[in-house]
Amino acid sequence: MIDLRLWEVLVAFDQEGTLQKAADFLHISQPAISQSLRRLESELGVPLCIRAHRNRVVLNETGLQAAKEARALLEKAQQLEDQIRTLQTIQIGTCAPLPEWQLEKTIRHQFGSRAHFVLKDDPEELLEDLKSGQDFLVILGNPVDNPDLYGHYLTTETLDLAVPQNHPLAAKEKILLKDLAGQNLLLYKKIGCWNRLVQEKLPNTHFLSIDNRPTFTSAAILGAFPYFISQSFVDTNPTVTARPLEGMQMDFYLVCLKDNIQARHLIQNICQNKQDKELFDFFRVDQPFES
């Protein structure tokens, strides 16, 4: 199999007309062009050039036809590379479910079935995945001060407490963190970094952790224990009443590698579109953080 780089030299020589111009075009030396052409002729077993006096070299009829076919071959090779790249899976790491639910339609429209989200509760692990190239972009619960990263505020999520109607906490208009000391709460485990945050803020609360959504829903409907709900969604459980909860709010940021131009443009478009759609609701968009 002949090296594609030899075909590139032949096409460049045909295109530029002289050895020196072909060398300048490919950013290599003139002797390297001559050697590549001789090597190509040797591997093919066919002369491609006419070498006249004073080191003047031109393509013969076979060389001209070979250059034409080589140009088509290189175009096919480039098309194959582009096609293979489109098969790459686009992974987006997120620290919470809400940003995934908000962005899923946009991401699917951009990348189709190649894109998928991965939920992780450790922001350091998400950053490592981003830096290693495993993640196309990540969604974090705080801005990152790193000159190699680019980020933009996306949205804010606030948690309320869903309180069974016959529970003592239902009498309160607002739930303070201290009110939950010693209380038993249901906790759906697959909520990313919220899981760690609520347990850090409520060290004296007893959590019944459930990682299966249907099981959690069944337990919630029974109405025995309070549980967290997002203000971004409507809870249809008729057995509970939503109560504002002190100190349960998190800002989310889209973050990518600064030199990933495609990811940067995607982040900018997402945030601009969100700003336009929610302008009359006074949606807040921070300036991008970057060094």
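Is Phe216 buried or exposed? Phe216 counts as buried, because its relative accessibility is 6%; buried here means under 20% relative accessible area, exposed over 50%, and partly exposed in between, with a 1.4 Å probe and protein chains only. Here are some notes to read beside the structure.

1. **Ground rules.** This is a predicted model, in which local features need pLDDT of at least 70 and side-chain atom pairs count only at pLDDT 80 or more, while totals for chains, interfaces and linings use all residues. Residues are numbered from 1 along each chain as its sequence is written, and side-chain values use heavy atoms, with hydrogens and water left out.

2. **The largest pocket.** Rolling a probe the size of a water molecule over the atoms shows where empty space is left. The largest pocket holds about 570 Å³ of space. A pocket is an open set of points on a 1 Å grid over the protein atoms alone, where a 1.4 Å probe fits, with protein on both sides within 12 Å along at least five of seven lines; lining residues have an atom within 4 Å of a point. Grid points are joined across faces, edges and corners, and the volume is the space filled by probe spheres set on the points.

3. **Its lining.** The lining of the largest pocket has 24 residues, and Arg213, Phe216, Phe228, Ile229 and Asp235 lie nearest the centre. By type, the lining divides into 17 nonpolar, four polar and three charged residues. Here Ala, Val, Leu, Ile, Met, Phe, Trp, Tyr, Cys and Pro count as nonpolar, Asp, Glu, Lys and Arg as charged, and the others, Gly among them, as polar. At least two lining residues come from each of helix 5 (97-111), strand 6 (149-164), strand 7 (184-188), helix 8 (213-222) and strand 9 (227-230). Helix 8 gives the largest share, five residues. Helices (H or I, at least four residues) and strands (E, at least two) are DSSP runs numbered from the N terminus.

4. **Helix 8.** Which residues of helix 8 are buried? They are Phe216, Ala219 and Ala220. These residues cover an arc of only 100 degrees around the axis, which puts them on the same side of helix 8; the arc is that of the directions from the helix axis to the C-beta atoms. Strand 7, strand 8 (206-210) and strand 9 are among the elements that cover these buried residues, where contact means heavy atoms within 4.5 Å. Pro214 and Leu222 are exposed on the other side of helix 8. After helix 8 comes Gly223, with a positive phi near 75 degrees.

5. **Aromatic pairs.** The whole structure contains six aromatic pairs. Rings of Phe, Tyr and Trp (its six-membered ring) pair if their centres lie within 6.5 Å; planes under 30 degrees apart count as stacked, over 60 as edge-to-face and the rest as tilted. Phe111 and Phe136 make an edge-to-face pair, 5.3 Å centre to centre with 75 degrees between the planes. Phe111 lies in helix 5 and Phe136 in the loop between helix 6 (123-131) and strand 5 (137-140), so this pair ties together parts that are 25 residues apart in sequence. Both Phe111 and Phe136 are buried. Phe216 and Tyr227 are also paired edge-to-face, at 5.7 Å centre to centre and 80 degrees between the planes. That pair links helix 8, through Phe216, to strand 9, through Tyr227, eleven residues apart. Tyr227 is buried, at a relative accessible area of 3%, and ring pairs join Tyr188, Phe216 and Tyr227 into a cluster.

6. **Helix 6.** Leu126, Leu127, Asp129 and Leu130 are buried in helix 6. They span an arc of only 160 degrees around the axis, which places them on the same side of helix 6. The buried residues of helix 6 pack against strand 3 (90-94), strand 5, strand 6 and strand 10 (240-257).

7. **Glu157.** This residue sits in strand 6 and is buried, with a relative accessible area of 5%. Leaving aside residues up to four places away in sequence, Glu157 touches Leu98, Trp194, Ser230, Ser232, Met248, Gln249, Met250 and Phe252.

8. **His27.** Most residues other than glycine have a negative phi. His27 has a positive phi, near 60 degrees. His27 belongs to the loop between helix 2 (19-26) and helix 3, and counts as exposed at 73% relative accessibility.
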